[in-house]
Amino acid sequence: MIDGAGVAPVGADETVVTPATQSIGQRGGVKPAAERKRTGRLADDKRFKLFSGTANKALAEQIAKHVGVTLGETKMQRFSDGEVYFQLLENVRGVDVFVVQPTCYPVDSTLVELLIMIDALKRASAARITVVVPYYGYARQDRKDRPRVAISSKLVADLLTTAGADRALFVDLHAAQIQGFFNIPVDHLFASPVLVSYFKELNLPNLTVVSPDAGGVERARFFAQKMGAPLAIVDKRRTDMNVTEVMHVIGDVHGRTCLIIDDIVDTAGTLVKTADALLGQGASKVYACASHPVLSGQATERIANSRLEELVVTNSIPLREETQKVAKIKVLSIAGLLGAAIESIHMETSVSTLFS
């Protein structure tokens, strides 16, 4: 029985609905966290579904395999003028939905795909929509660094929220403060645990971890602590968009094996110049790693012809066919990392263990 205010009075045998039991989303229908935990496996949970756009289907399939489910069925087509058409081919009413879609090349196209997928899920009455964005495009435009420019990363955050996203999961945002651009919960993962494990196995001698700029010092310091290695910084000045001039190296790298840590490798111009600067200061070998292999323009050719020993990246962005042929580039999978985070979010358990 419901009273005149639209609220059912609580009796002795009735359950009080609290924010804790209703935390999955405002569209309703998802089982409380305690009940979901008892299920044990996501494959048995009818209130969990995973979908993918076209940007990185291979990564989405790896994540699905990790959590033990199959990707949801969808229909993605384009009209002759490029307009996106999307349709869900299965019921998502009351379901906790995760959508995997990095906004990588072509950035505008993959972003619009993601927005349309979110809108379709919202209109199909999904209980909660979590966008899983391994690479967040427009993240480099996070502030007004010159007159009359847009803060595009804030605009994209608003677009995702307005489209209907209830939660977001990112990997290595270019600037951590981008989390504050969202008015929905954000989980920010780091690819460092995956990369650290790989380089620990290499057991590089006389290792020094290098930040290619002042902005990446915190990321490099974390890596250096995990590797038990000293830290060096390369001072650089950006002269134009995608153009940098390396100034000088801060720290002793003479006779050392250097490992450059970055979040994004785009044109690879800065990376190659940084490697040359380190070798010019007496470094014996230079390795590099980055979370997001954007690798646009002449990046593939630059890396292939560089003095780098190896560039290690993750599969947050799929490599183009010609880039896959470069022996110096090695790809590590973050499917397990994302899969574990998705499980934790759905089960409402802590994701902090994934940071170590």
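Before the first click, one convention: helices (H or I, at least four residues) and strands (E, at least two) are DSSP runs, numbered from the N terminus. With that in hand, select A283, which sits in the loop between helix 7 and strand 12. Keep in mind throughout that you're looking at a predicted model.

**Stop 1**

Buried or exposed, what is A283? It counts as buried, because its relative accessibility is 8% and the cut-off for buried is under 20%.

**Stop 1: strand 11 and its partners**

Pick residues 257-265, which make up strand 11; nine of its nine residues are buried. For one of the pairs, click V210, whose bridge partner in strand 11 is I260.

Then bring in strand 12 (residues 285-293), also parallel to strand 11, with eight bridges between them. Here D262 stands opposite A290 in strand 12. Show helix 7 (residues 269-280) too, and you have a right-handed β-α-β unit made of strand 11, helix 7 and strand 12.

**Stop 3**

Zoom out and find the open sheet whose strands come in the order 1-4-5-6-7, with parallel pairing. Which strands stand at the edges? They are strand 1 (48-52) and strand 7 (186-189); each has a single partner strand, so one side of each is left without a neighbour in the sheet. On average, neighbouring strands here are turned by 15 degrees against each other, ignoring direction.

Inside that order, select strand 5 (residues 128-133) and strand 6 (residues 167-171), a parallel pair held over four bridges. V132 is a handy landmark, as it stands opposite L169 in strand 6. Helix 10 packs on this sheet and touches strand 1, strand 4, strand 5, strand 6 and strand 7. The direction of helix 10 makes about 160 degrees with that of strand 6.

**Stop 2: helix 3**

Next up is helix 3 (residues 107-123), lying across strand 1, strand 4 (96-100) and strand 5 and running at about 165 degrees to strand 5.

Colour the helix by burial: the buried residues are T110, L111, E113, L114, L115, M117, I118, A120 and L121.

**Stop 5**

Most residues other than glycine have a negative phi, and most peptide bonds are trans. Now for some exceptions. The peptide bond from Y105 to P106 is cis, with omega near -10 degrees, and P106 lies in the loop between strand 4 and helix 3. Just after helix 3, S125 has a positive phi of about 70 degrees.

R148, in the loop between strand 5 and helix 4, has a positive phi near 60 degrees. It counts as exposed, given a relative accessibility of 76%. N206 has a positive phi near 50 degrees; look for it in the loop between helix 5 (192-202) and strand 8. N206 is partly exposed, at 48% relative accessible area.

**Stop 3: the cores**

Finish with the side chains. The largest nonpolar core has 46 residues, and L50, F199, F223 and L338 touch the most other members. Helix 10 (residues 335-347) supplies the largest share of this core, eight residues. A second, separate core holds 34 residues, including L111, A120, A163 and A168.

Leaving out residues up to four places away, F223 touches S192, L195, V196, F199, V209, L259, I261 and C289.

Technical notes:
Residues numbered from 1 in each chain as written. Predicted model: local features only at pLDDT ≥ 70, side-chain atom pairs only at ≥ 80, totals over all residues. Heavy atoms only, no water. Core = buried A, V, L, I, M, F, W, Y, C linked by side-chain atoms within 4.5 Å. Buried < 20%, exposed > 50% of the residue type's maximum accessible area, 1.4 Å probe, protein only. Contact = heavy atoms within 4.5 Å. Pairing = 2+ DSSP bridges. Axes fitted to C-alpha atoms, helices over the stretch in contact; angles between N-to-C directions. Right-handed = clockwise from strand over helix to strand, strands pointing away.
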